[in-house]
Amino acid sequence: MRIWNRIRSWLDATLRRSRVESEMDAELRFHIEAYAEDLVRRGVVHQEAMRRARIEFGGIERAKEECRDARGVTFLETLFQDLRFGLRMLRKSPGFTAVAIITLALGIGANTAIFTVVNGVLLRPMPFPEAHRLFLVSLAARVGPLGWAPGVSDRDYLAFRDQDQTFERIASFTIGTTANMTGAGDPAQIPVAYVTTEFFPVLRTNPGMGRGFLAGEGEPGKDNVVVLSNELWKERFSADSEVLGKTIRLDGVSRTVIGVMPPGFAFPDAKVWIPLAIRIDEHNSFTRPVVGRLKPGVAPQQAQAELETFSENLPLGPGENKRDRMPQIIPLKDLLVANIRPSLLVFAGAVAFVLLIACANVANLFLARAAGRGQEMAVRSSLGAARWRLVRQLLVESTLVSLAGGAAGILLAFWGVRGLTALAPAGKVPRMEMIRIDAWVLAFTFGLSVITGIVFGLAPALQTTRNHARKALSKAGRSVITGHERIRSALTISEIALSLVLLTGAGLMLESFLRLRAVNPGFWPRSVMTMTVDLPDSTYRGARQMQAFHTRTLEELSRLPGVLVAGAVDWIPLGGELTMGTFQVEGGRRPRGFMVDKPCISPGYFKAMGIQLLLGREFTERDNATAPGVVVVSQSVARTLWPDADPVGKRISMEDEPKPEDWLTVVGVVEDVKQKGLAKNSDPAIYQPYLQVLSPGFLSHMTFVVRTASRPESVATGMRTVLRDVDKNQPISIASMDSLIATTTAETRFQARLLATFALIALALTMVGIYGVLAYSVAQRTQEIGVRMALGAQSGDVLWMLLRKALVLISAGILMGGAGALALTRLLTKFLFEVKATDLPTFSAVVVFLALSALAACYLPARRAMRVDPMVALRYE
Amino acid sequence: MDKQMDLLQGTLDMLILKAVSLGPLHGYGVLLRIQQISKDRLEIQQGSLYPALYRLEHQGWIASEWGESENKRRAKYYHLTAAGKRRLQTESQKWNRMAELIEGILGTTAEEV
C-alpha cells in the first residue's frame, strides 16, 4: 500500500509537475501570509510583518527544493532540467558544438564501422541452430605451409568416429574445392564441397526443398547426387520448382539434383554439395576439416581431453612425428575467421586510439569553454548548488554532445562499412554477408557515446567546479583557472603520443607494402595476359587429348593480333600453388631435403612471362613426345647440383629408380621465380616441355600467358573467342598478370591503406588540438604579450616564447609516443614483410613528419601572437 | 552537527504526526499547535517544516486535501492516515522506552551500581 502511495506521489510530482509546483507555492504563501496576519494582530505594521514572516521562514527556494527532494522527484526532474539547460547552452554556441560533434562523430563513426565488421565477422553466431555446440576437431599442426588449416586425416577420422563419446555426430568436408559446372547456362568454375552424409544433420540444417544425403550415398555408384545452394538455384535454374531430378554436369560427370538448401546457407563457402565417403586408400591419405556437434551438456574441455587421449594412443604413421600432431577442439567459426581475427583486432585498436584522441580534443574544447563559465559556476555554487549537481550538469552537456556525435557517427559508419567492404581484398574477408548495422551495433554505439561523454567530460567538469567560488567572483569575470593549463598540456601530449603510435603502425605497414611491391618476382609481369583452364578428365581422357587442346589453343593465341608470343604453364607463379617433388641426379646425389617445383610448360613460356634465359636454350616445338627428354633448370637448381660445372648436358630423372630412357638432359638454365608469393622465397624449379609429360595430373590445369604489344586487356576478347572455338564447355577465367599480382598484395595494401587513413584522421585531430591549445594560450596571454612588447620585446621573442611551449609539448608527446610505439608495433610483426617492428628509418621518418605537422599547427596562433598590438592589448586592463 | 540534525528530524516527524493526530491541520497550524502544546518551549525552523510534511505524506503517514481556513482562505490540510496512526503508536512506544531507559541511566546513583 505504502509503496503504491509513494509511486502515486512520485508520479503526481513527475507528471503533474506544474500543478504540484503551484500548490506548493500556494501552501507556502498561505503560511507566510497567515503568520504575517498574526503579527499584524500583535500590532506589527503590515509591511514589516510580511518582511519578518519571510525572514523567519528562512530560504523559501531551499525549502521548496527540499520538498521536491522529499517526494523523490529530483533525480529525473533535475535530469530533465539539466537536459533542457544543456541543450540551451549548446545552442548558444553553435560553432563550439559543431566542432565537438564533428570531432566525436569521426571517432565514434570509425569505431562503429570497425565494430560493425568485427560484430559481423567475429561475433555473430554461425547461422545454424545451437551453433555454440558446433566445434572443429583437428589433429593438424597449428601452422601449415598455407597458413592455418585445421583437419584430420581420413584414417584418424574413422578411428576417432568409432570411439568418440563426446560428440553427437561428426562429419568431414572439403574446403576450397571448385568444379567446372556445365549443363546449366554458361560453363562456370563454382565452389563445391564434398561432404560426408552426416554433414547436414550435424549442422541441423536440412534442404528447404528435396532431401539431404542418405547414409551410403557417396559410395561409388551411389554418389551421383548433389544438393544446390539457394543462390545457385535462383541464378542458374531461375528458381525452377521442378529442379529436383534434373541433372547438372560437374567436371564432366552428370549428377542428379536431390535438394536445394534454404537461403543463406553456404557453409563452407560452397554452392553445391556432393556426397563423400571416407575410405582408406593404400597410397593417399587426405586430411580434411571435421565438424562435430557436442552432446548437450558436454563442455568443449571434455572433448579436448578425449581428443588428447585419442591422439596419445594413436600409432604414428610412416614418417610422422608426434609434434606434427596437435589435438584441438576449436569453435567452428574459427575455420572461417581465425586468419582474419588478428588484423581486425589491430584495426579495432587503431580506431580506439582515434577515439581517444577525439576525446582529448573535445575535452580541451570543453576546458577552454569552462574557463568562460567559471563565473557561472561560482555564482551557482554560492547560491547553494552542490558540487556534484554542477558536475552532473556539465556531464549531461558533454553526454549530449557525444550522443549527437554518436548519431552522426552512425551515419559515417554506414558509409564507412560500405567503403570497407568495397575496398576489402576480395575473398579475404569471410562472412562478409553477416556485416550489417544491427541492434548490437546500435547498442554498442549508444554505450560508447555515453562512455565517451563521461570520459571527455569528467576532467573539465571537475576542473570547472573546483572550489574557486570566492576567487572567481572577486576577480569579476577575468578567468583565473590556471589548473586548466596543466590538464590541457597533458591532453595535448597524449594526443601527440597516440598519433605517433598510429602513424608508426601505418608507416610500418606502408613500408612493408612498398617493399612487397618492389620484390622482383623473377619475371616481367607488365603486358602479360593470362587465361586459365581446367580440363575435366571425363572429356579429356588422357594426356594426348589434353596436349592436343593445349597445342591448338597456343597456335590460335599466337595468331591473335597484338600478341607477341604465347606460352603455357600448369601452375602460374604467384598463384599460390606449387607441385614440389623429388628427382634423381645422374652420377650424383640430390642433397637431403632438396625438393623442386616441377612446372610443365610450353615453348614460348619463358619469353611470354619474361623469365630470363641464363644459359643454353629454351624448349622448342621439336621437344615432343618422340624426341629425347629434356629439361630446363632454374638457377638455384644449377648452383645446388653443379656448383662448379656447366649444367647444360647434365642429366636428371623424375623417377625414383630411373630406367635408361627416363634420363632427361638439361638444355638450359633460367632465373629463379617466386612461385608461392612475393613474400615467400623463390623456389628451385625443373621445367619440362608439356609434350613430354605423360601424367594427366600435370596437364589438366593450364594457364596460358601471352605477352602483348600494347595494353594486355586489349587482347581479352580475342582470347575469349579462341577458347570458345577450341572448347565451348570451358569456363572463361582471364586476368592480366598485373591484376593477379595485385590480388596477392591486396591484403597488405588494404591494411596499410586503412591504418594510414586512421593515422591521418588522428594526425588531423591532433593538429587541431595543438592549434586549439596554443590559440587559447595566446588569447589568455594577450595582455602579457602586450606588456612584454610594450617593454621592448621583439616579435621574435614572442614567437620563441610560444614555440618553446609547443616544442615542450611536442617533444614530450614524441617521447611518450615513441615508447608506446616500440611496445605496440610488436603486435604488427606478423603482418610485416622485410620490415622489423622497430625499424629505425620508419620511426625517424614518422617522428619528423609528426613534428613538422605539429609545428605547422602552431603557425596561426604564432602569427596572431606576433601581431598583438600592445596598445590594444593593454587597453583591456 | 549532522547527528543532531538527524535526531531533530526524527523528532520533528513524530511531533508532526502527534499534532495532526489531534485533528486536521494546515502547515501553519501544525507549527502553532506544536508551539502551543510545548508551551512555546520548542522552536521549530519554519523552513524545515514543509520538507518534513512532504516527506511524511510521500511515505503515506499523513494525507492532505485542500480546504478553507479560519479566515476563509484556501489552505492545505493534513490528516493522519491509518498507517500514520500505527506509526505514531510505535514511535511513541519506542520514544517512551528510550526515555525510560535514559532516565534510568541518568538517575542511577553511586549506591545502586
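Author: Happy to! One term to begin with: two strands pair if DSSP finds at least two bridges between them. Helices (H or I, at least four residues) and strands (E, at least two) are DSSP runs, numbered from the N terminus. This is a predicted model, where local features need pLDDT of at least 70 and side-chain atom pairs count only at pLDDT 80 or more, while totals for chains, interfaces and linings use all residues. Residues are numbered from 1 along each chain as its sequence is written, and chains are lettered from A and ligands numbered from 1 in the order in which they are written.

Reader: Great. In strand 13 of chain A, what is the bridge partner of A:Ala140?
Author: That's A:Arg325. Strand 1 of chain A (residues 134-140) and strand 13 of chain A run antiparallel, with five bridges joining them.

Reader: And what order do the strands of that open sheet have in chain A?
Author: The order is 3-12-1-13, four strands with antiparallel pairing. Strand 3 (167-172) and strand 13 (325-331) of chain A are the edge strands, pairing on one side only. On average, neighbouring strands are turned by 25° against each other, direction ignored; axes here are lines fitted to C-alpha atoms, for helices over the stretch in contact, and angles run from 0 to 180 degrees between N-to-C directions.

Reader: Which helix lies across those strands?
Author: Helix 10 of chain A (residues 300-313) lies across strands 1, 3, 12 and 13 of chain A, at about 160° to strand 13.

Reader: Switching topic: how many residues of chain A are in contact with chain B?
Author: 22 residues of chain A are in contact with 19 residues of chain B. Contact means that the C-beta atoms, placed from the backbone, lie within 7 Å. Helix 2 of chain A gives the most to the side of chain A that touches chain B, seven residues.

Reader: Last one: what separates the centres of domain 1 and domain 5 of chain A?
Author: 101 Å, taken over C-alpha atoms. Domain 1 covers 2-72 and domain 5 covers 536-729 of chain A, with bounds from an automatic or database domain assignment.

Key:
Two residues are in contact if their C-beta atoms, placed from the backbone, lie within 7 Å.
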